[in-house]
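Please work through the exercises below with the sequence and the structure at hand. Each begins with a task, and a solution in steps follows.

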Amino acid sequence: MIGQIRPIRLIGPITKNKEQRTNMLPFTYAVRNLFRDPGRLLQTVGGSALVVFLLMAATALNQGMSGVLSASGSAQNVILMGKGSEESIERSEVHLEAEAIAATAIRGLHQTLGQTAVSGEIVYQAPLQIPGKDKAQGLLRGVTEKSLLVHQTVRLLEGRFPSPGEVMVGSLVYRKLGVDEEALAVGKVLNFGSAEFTISGIFTAPGTVLESEVWFERNDLATLTQRDTLSSVVLRLDTAEAEDVEIFTLQRNDLELAAIREDHYFAKLSGFYAPIRTMTWLTAMLVAAGAIFGGLNTLYAAFASRIKELATLQSIGYTRRAIFISLVQESLLATLTGTLLALIVALVFLDGRTVPFSIGTFRLSLTPLVIITGLSIGILLGTIGILPPAWRTLAPPLPKALRSN
Amino acid sequence: MSDSAYIHIQSLTKSYHKGKTLITPLQDLSLDVPSGEFLALMGPSGSGKTTLLNLIAGIDSPTSGLLQVQGRDLGGLSRAKLTRWRSDHVGYIFQLYHLIPILTAYENVELPLLLQKLSKRERRQRILAALDLVGLADRATHRPTELSGGQEQRVAIARAIVHDPGLLVADEPTGDLDRESADSILGLLDSLANDHGKTIVMVTHDPKAASAAHRTLHLEKGQLISGS
């Protein structure tokens, strides 16, 4: 029932002040529009959370892998490898005597307590087995105590350097072997072929591939792999330059050696993994593209159902710009909520997680770059993503839009 | 142009292309509407009534001819200027009310005032006065879905008059209402013209609604054919 019409008593005309007009729609309009259709809101927030999470994960993966490879090489170290096998230490063969010859022939190498920092090593990949568990591919390094002179990031967390019949394991080997951390505690055993080794110590080498390695006493590994050569000789420079080592390889071409700075070696390895990083991006972007198209479709539907309403606002005097800004606010609220959700999920499920790959293990971290990537994607989704549906909604001529169903 | 004409239209033509066909909904139309007049436009579907109403309201732009409202040539205004002009001078009343469903009656009426530089207190005074005027002060916090059709249209009228425009345009404002509600709305429009000097142009199919106006004009094929 309609009430009685009151006598007209309008307040007088508004004093117009063009300079002070705001022309903006109230923010509450954008906020309430979000909750108009909870299903659509859930789709938009969920879709943007998925996109942001995937691209953050891809960034973290690539950053983690690049980070571990670049941190593993030192500019102070030079690796001597067999000529022709510079691409892979594991395939390299270096005469045993090269270690001693390099230590005496090259001047200006690092010295500690009278010992020259030169370490002949055997690097090998082979299946290892924890008793009661399946075999898994392990990264093996045959070393002497001099290896600690060249790999200066290595620190013993507990136990001691391995003697014959023992191994020292990196703190992330359990991830590489896919076992519980407790299975690789000091005093436990692991098998290589038919031989059993007792774990004598656990070491760390933060942010490097060494943390995923099992270090054997060098003679043990030589015997088990039936090698009479080394894989490489690592030299730590003091006053010597990398060029000095290269000159040594030329002077002693009978040893058939090639020299490469350790950081350059890992940079080359990083290039080798570039296709994997590209694949990670591609996969993340393909899934993200699907989610973006889904989100756009949702926005199209959400805005298309409001063409008449938005036209009404224009007829009242709101400019298309003001309405567009309100739509952006609405879209940003949804996508930034999704971004926040993605950040929380990433913080819980991504941050600190370790990922094994063929030559080591890297840690995923929510670094500033990863967080900025997530936020940027969220903002881009909320602004650029809204352009096509907003254009479609605001483009029709006003009389036509007012008549739309 | 007569001295008292609030709306002055001379040789007004509107045409547009639909595919390859040129459509001319208004052809060489001339009309004067004095200030404070309540004018009804009638005619069959496709006669050009709504096109004329949209042109007068600054929703659309003419192809040729002169269209002046309060001495302002609307044909020469850009889209942005036309939008600003509407926000100051026009109140539009739609057949299906066109209220924003997520806003309360109060907030719907507030929309035109947000385009003006007014304090919250000034806005509140005007909104309550407009809602009081249409008899819905006690429904201020209700959303459109909580109101009847007649009440929704009265909120729409409150929204159209709250910023005190000189011109009200109404596109079949009673077309979706029962007789009682329609009469109430027509009485309200009559009051706005007679007591407050608003110039009202109303499109209607309903002869009873047209009889509430001061003058009725008939359109056919984009031209005025008679008046009463």
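**Exercise 1. Describe how helix H9 (residues 274–304) of chain A packs against helix H13 (residues 387–394) of chain A.**

Solution. Begin with the hand: the crossing of H9(A) and H13(A) is right-handed, where a crossing is called right-handed if the near helix is turned clockwise from the far one, and left-handed if it is turned anticlockwise by less than a right angle. The model is a predicted one, in which local features need pLDDT of at least 70 and side-chain atom pairs count only at pLDDT 80 or more, while totals for chains, interfaces and linings use all residues. Residues are numbered from 1 along each chain as its sequence is written, and chains are lettered from A and ligands numbered from 1 in the order in which they are written. Helices (H or I, at least four residues) and strands (E, at least two) are DSSP runs, numbered from the N terminus.

Next take the geometry: H9(A) and H13(A) pack at an angle of about 20°, with their axes 9 Å apart. Here the axes are lines fitted to C-alpha atoms, for helices over the stretch in contact, and angles run from 0 to 180 degrees between N-to-C directions. That angle makes H9(A) roughly parallel to H13(A), since angles under 35 degrees count as roughly parallel, over 145 as roughly antiparallel, 65 to 115 as roughly perpendicular and the rest as oblique.

Last, list the residues: H9(A) brings A:Leu296, A:Leu299, A:Tyr300, A:Phe303 and A:Ala304 to the contact, and H13(A) brings A:Pro388, A:Pro389, A:Ala390, A:Arg392 and A:Thr393. Two residues are in contact if their C-beta atoms, placed from the backbone, lie within 7 Å. Of the residues in the contact of H9(A) with H13(A), 8 are nonpolar, 1 is polar and 1 is charged. In this division Ala, Val, Leu, Ile, Met, Phe, Trp, Tyr, Cys and Pro count as nonpolar, Asp, Glu, Lys and Arg as charged, and the others, Gly among them, as polar.

**Exercise 2. Find the angle at which helix H1 (residues 27–34) of chain A and helix H11 (residues 320–349) of chain A pack, and name the residues that touch.**

Solution. The angle is about 50°, and the axes of H1(A) and H11(A) are 9 Å apart, which makes H1(A) oblique to H11(A). The crossing of H1(A) and H11(A) is right-handed. On the side of H1(A) the contact is made by A:Phe27, A:Tyr29, A:Ala30, A:Val31, A:Asn33 and A:Leu34, and on the side of H11(A) by A:Ser326, A:Gln329, A:Glu330, A:Leu333 and A:Ala334. By class, the contact of H1(A) with H11(A) has 7 nonpolar, 3 polar and 1 charged residues.

**Exercise 3. Determine how H2(A) and helix H8 (residues 262–272) of chain A are placed.**

Solution. The axes of H2(A) and H8(A) come within 7 Å and cross at roughly 160°, and the two helices are therefore roughly antiparallel to each other. The crossing of H2(A) and H8(A) is right-handed. A:Ser66, A:Leu69, A:Ser70 and A:Ser72 of H2(A) meet A:Phe266, A:Leu269 and A:Ser270 of H8(A) in the contact, which has 3 nonpolar, 4 polar and no charged residues.

**Exercise 4. Trace the open sheet of 4 strands in chain B.**

Solution. The order of the strands is S2-S1-S4-S5 (chain B), with antiparallel pairing, and two strands pair if DSSP finds at least two bridges between them. Strand S2 (21–34) and strand S5 (72–73) of chain B stand at the edges with a single partner strand each, so one side of each has no neighbour in the sheet. S1(B) and S2(B) pair over 9 bridges, and B:Leu12 has B:Leu29 in S2(B) as its bridge partner. These two strands form a hairpin with 2 residues between them, and B:Gly19 in the turn has a positive phi of about 70°. Strand S1 (residues 5–18) of chain B also pairs with strand S4 (residues 64–69) of chain B over 5 bridges, where B:Leu66 is the bridge partner of B:Gln10.
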